[in-house]
Amino acid sequence: MKIKFLLFIGSMLFTTFVYPEQNQNKLLEVYKNLRCLVCQGQSIADSNSDFAVTIKLVVKDQFNQGKTEDEIYKFLSSKYGEWIVYRPTFNVNNFLLWTLPYAVLVFGGFIIFLLVRKTKHNKAN
Amino acid sequence: MKISISKVIIFCVAIFFLLIFWQGLKIKSNYDTKNLIGSQISKFQLTEIDNDNLYISEEELKKNKYTLINFFASWCAPCRTEHEYLLNLSNENQKIKIIGINFKDKKNNAIKFLEELGNPYNFVGKDSKGKISILFGIYGIPESILVNSDLTVIKKIVGPIDQIQYNQILKIIK
């Protein structure tokens, strides 16, 4: 009986304090990745404009309906274009944006390798 | 004159980045409604402004050859300027039905607004929290969306309807 009571209290505490906080953090993460289209360089999380308030309501509704983060981004992108999402999805148009930093890293490493080899070669001579 | 390979490579990389930035300057990075034209409107349910038991959904719009969905509010000044064009459309053309969606407004103010300026709408619904506006990709009002009987978006007008937009609508629906 005691164990059941403790489990009940534990689950109540979890749903009251831990679960809403987790949801709140997740929601905040989504808001931060959405651009406020009527603001100057602000995310939905930073803005209290009419548009941002409405988007927050819609995101919260969809989140409570069990939609995933990606599904929410997909829905909003279908209505407002990919511009609304700060982190663009990988596609043909922006593959350079995603791959270029890695390419530059490899290329930079190659240049450094060449320079080091050349210096060593000069010293040896 | 001897030119080292690494200098040539660095020069090429610099040119490449300059070209990317140059192209980047030309890209229009604003909210664009182009992606909505040709797409289907989302499912929705709209409650009548003065009667909570009366509502319409996207299914009703299939009966009309063309439907203009107009977002308005009594507090929106540009909505007043476009109102005469909406009245003209509803009076002079039977091919188009106009649905008004009252956006984040007080019921009494909206009714007063329509009494004062005239009611061009076949149905006036309310969107008190603005959630329906998101289904239509709205970010400010007035905005209007012209759909056909297949529920495909043919035209989206951001801002008030003016003479040019009005003529374009007439041209589409004639």
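Which elements of chain B make a right-handed β-α-β unit? The legends below take up this point and others in a predicted model.

**View 1. The β-α-β unit of chain B.** Strand 4, helix 4 and strand 5 of chain B make this right-handed unit. Strand 4 covers residues 96-103, and its pairing with strand 5 is parallel. Within strand 5, Val124(B) stands opposite Gly100(B). Strand 5 spans residues 123-127 and is mostly covered. Four of its five residues are buried. Helix 4, residues 107-117, is the helical part of the unit.

**View 2. Lys104(B), in the loop that leads from strand 4 to helix 4.** Lys104(B) is found between strand 4 and helix 4 of chain B. Its phi is positive, about 40 degrees, although Lys104(B) is not a glycine. Most residues other than glycine have a negative phi. Is Lys104(B) buried, exposed or partly exposed? Lys104(B) is partly exposed, because 18 other C-beta atoms lie within 10 Å, and a residue counts as buried at 20 or more and as exposed at 12 or fewer.

**View 3. Strand 6 of chain B and its two partners.** Strand 6 covers residues 143-148 of chain B. Strand 3, residues 66-72, is joined to strand 6 by six bridges. These two strands run antiparallel. Asn70(B) has Ser144(B) as its bridge partner in strand 6. Strand 7, residues 153-158, also pairs with strand 6 in the antiparallel sense, over five bridges. Here Leu146(B) stands opposite Lys155(B) of strand 7. Strand 6 is mostly covered, with five of its six residues buried.

**View 4. The hairpin turn at Leu151(B).** Four residues lie between strand 6 and strand 7 in the hairpin of chain B. Leu151(B) is found in this loop. Leu151(B) is partly exposed, with 16 other C-beta atoms within 10 Å.

View 5. The bond from Ile141(B) to Pro142(B) is cis. Its omega is near 0 degrees. Most peptide bonds are trans. Pro142(B) is found in the loop between helix 5 and strand 6 of chain B.

**View 6. The side of chain B that touches chain A.** How many residues of chain B are in contact with chain A? On the chain B side there are 14, in contact with 14 residues of chain A. Helix 5 of chain B, residues 131-135, gives the largest share of the chain B side, three residues. By type, the chain B side divides into seven polar, four charged and three nonpolar residues.

**View 7. The largest nonpolar core, with members from both chains.** This core holds 46 residues. Ile55(A), Ile69(B) and Ile101(B) touch the most other members. Helix 2 of chain A gives the most to the core, with five residues. In soluble globular proteins, nonpolar side chains tend to be buried together.

**View 8. Val53(A) on helix 2 of chain A.** Helix 2 covers residues 50-64 of chain A, and Val53(A) lies in it. Val53(A) is partly exposed, with 14 other C-beta atoms within 10 Å. How far apart are the C-alpha atoms of Val53(A) and Ile9(A)? They are separated by 35 Å, and the two residues are 44 residues apart along the chain.

**View 9. The helices of chain A in outline.** Chain A has four helices and zero strands. Its radius of gyration is 24 Å, well over the 14 Å that the globule rule gives for 125 residues, so chain A is more spread out than a compact globule. The C-alpha trace spans about 85 × 45 × 25 Å along its principal axes. Of the 125 residues, 14% count as buried. Among contacts in chain A with a separation of 6 or more, 35% come from residues 24 or more positions apart.

Definitions and conventions: Residues are numbered from 1 along each chain as its sequence is written. Chains are lettered from A and ligands numbered from 1 in the order in which they are written. This is a predicted model: local features need pLDDT of at least 70, side-chain atom pairs count only at pLDDT 80 or more; totals for chains, interfaces and linings use all residues. Two residues are in contact if their C-beta atoms, placed from the backbone, lie within 7 Å. Ala, Val, Leu, Ile, Met, Phe, Trp, Tyr, Cys and Pro count as nonpolar, Asp, Glu, Lys and Arg as charged, and the others, Gly among them, as polar. The radius of gyration is taken over C-alpha atoms; the globule rule is 2.2 Å times the number of residues to the power 0.38. Two strands pair if DSSP finds at least two bridges between them. A nonpolar core is a set of buried Ala, Val, Leu, Ile, Met, Phe, Trp, Tyr and Cys residues joined through C-beta atoms within 7 Å. A crossover is right-handed if, with the strands pointing away from the viewer, the path from the first strand over the helix to the second runs clockwise.
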